[in-house]
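Please look through the sequence and the model below before reading on, and keep both in view while the paragraphs lead you from one part to the next.

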Amino acid sequence: MKRLTYHSGALSRTIHRAASALALQWRSPTTIPRATPLMVAILAAVFVVEPALAELPTAVQAGSAASGDYIEIGKQYFKNGLIVLGLIIATLGFIAVAAGGIAKFNEYRIGRAELGDLGVLAVVGAVVLVLMVYLLNEAATIID
């Protein structure tokens with residue numbers, strides 16, 4: 001493989017000297033930035049922080065189950081799971097009514113729907129949400 005060389009020997013020597021001086025300067029320990037006392041103080045403050053010593057909360061027993069009655073604890077967790085499922089259903093209903101309202105408003109804005117359609121959707125959606133929350137609340141009291 002051929003090495004690329006410059007035609008002028010003087011130019012080649014000058015470039016070689018500049019490159020070697022740059023390499024020496026780069027390797028020189030004097031070019032490494034020194035840590036200032038402020039930097040050391042900031043690092044010390046970051047890495048030497050007192051622990052929060054917060055305690056984790058104690059585990060809540062599921063309902064009124066006695067300690068060691070695993071069948072009753074399982075029943076209580078199942079009841080709690082049904083209540084969470086009801087909350088998820090209510091959340092999905094709220095999202096569905098909100099998405100329908102946004103879609104109907106977009107149709108009204110474009111001109112494909114009237115303002116009365118948007119009002120009917122808002123009233124019917126509110127009634128459905130109130131009825132759904134009421135029924136899920138009744139189911140939660142029956143489950144407990």
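Glu107 and Lys104 both sit in helix 3, where three residues, about one turn of the helix, separate them; helices here are DSSP runs of H or I with at least four residues, strands are runs of E with at least two, and both are numbered from the N terminus. Side chains of opposite charge can pair when their charged atoms come close. Glu107 and Lys104 form such a salt bridge, with 3.5 Å between the closest N and O atoms, the term meaning that a side-chain nitrogen of Lys or Arg is within 4 Å of a carboxyl oxygen of Asp or Glu. A search of the whole structure finds one salt bridge. Glu107 has a relative accessible area of 30% and is therefore partly exposed, and Lys104 counts as partly exposed because its relative accessibility is 23%. On this scale buried means under 20% relative accessible area, exposed means over 50%, and partly exposed is in between, with a 1.4 Å probe and protein chains only.

The model is a predicted one, in which local features need pLDDT of at least 70 and side-chain atom pairs count only at pLDDT 80 or more, while totals for chains, interfaces and linings use all residues. Residues are numbered from 1 along each chain as its sequence is written, and side-chain values use heavy atoms, with hydrogens and water left out.

The protein chain as a whole contains four helices and zero strands, giving the pattern α-α-α-α when it is read along the sequence. Of its 144 residues, 9% count as buried. The accessible surface of the protein chain comes to about 12600 Å², and 70% of this belongs to carbon and sulfur atoms; such areas come from the Shrake-Rupley method with a 1.4 Å probe, and for residues only the protein chains shown count as cover.

Helix 3 covers residues 70-110, and at 1.5 Å a residue its 41 residues should span 60 Å, which agrees with the 59 Å between its end C-alpha atoms; the expected span is 1.5 Å times one less than the number of residues. Just after helix 3, Gly111 takes a positive phi of about 115°. For helix 4, the 29 residues should span 42 Å at 1.5 Å a residue, and its end C-alpha atoms are 42 Å apart, so the two values agree.

Which residues of helix 3 are buried? They are Ile73, Gln76, Gly86, Ala90 and Gly93, and the buried residues of this helix pack against helix 4 (115-143). In helix 4, Leu118, Gly125, Leu129, Met132 and Ala140 are buried, and helix 3 is included in what covers them.

Leu129 counts as buried because its relative accessibility is 17%. When its neighbours within four places in sequence are left aside, Leu129 is in contact with Gly93, Phe94 and Val97, where contact means heavy atoms within 4.5 Å. Leu129 and Thr91 are 38 residues apart in sequence, and 9.7 Å apart in space from C-alpha to C-alpha.

On the surface, Val84, Ile88, Leu92, Phe94 and Ile95 form a nonpolar patch with about 490 Å² of accessible area together. Patches are made of residues with over 30% relative accessible area and no salt bridge, like charges being joined within 9 Å and nonpolar side chains (Val, Leu, Ile, Met, Phe, Trp, Tyr) within 5 Å. Val84 is placed in helix 3 and counts as partly exposed because its relative accessibility is 44%.

Finally, an unreviewed UniProt entry carries the annotation "transmembrane region" for residues 82-103 and 115-136; its positions are given in the numbering used here, feature names are shortened, and annotations may be inferred rather than shown by experiment. In the model, residues 82-103 are 100% helix and 0% strand, with their end C-alpha atoms 31 Å apart. Residues 115-136 are likewise 100% helix and 0% strand, and their end C-alpha atoms lie 31 Å apart.
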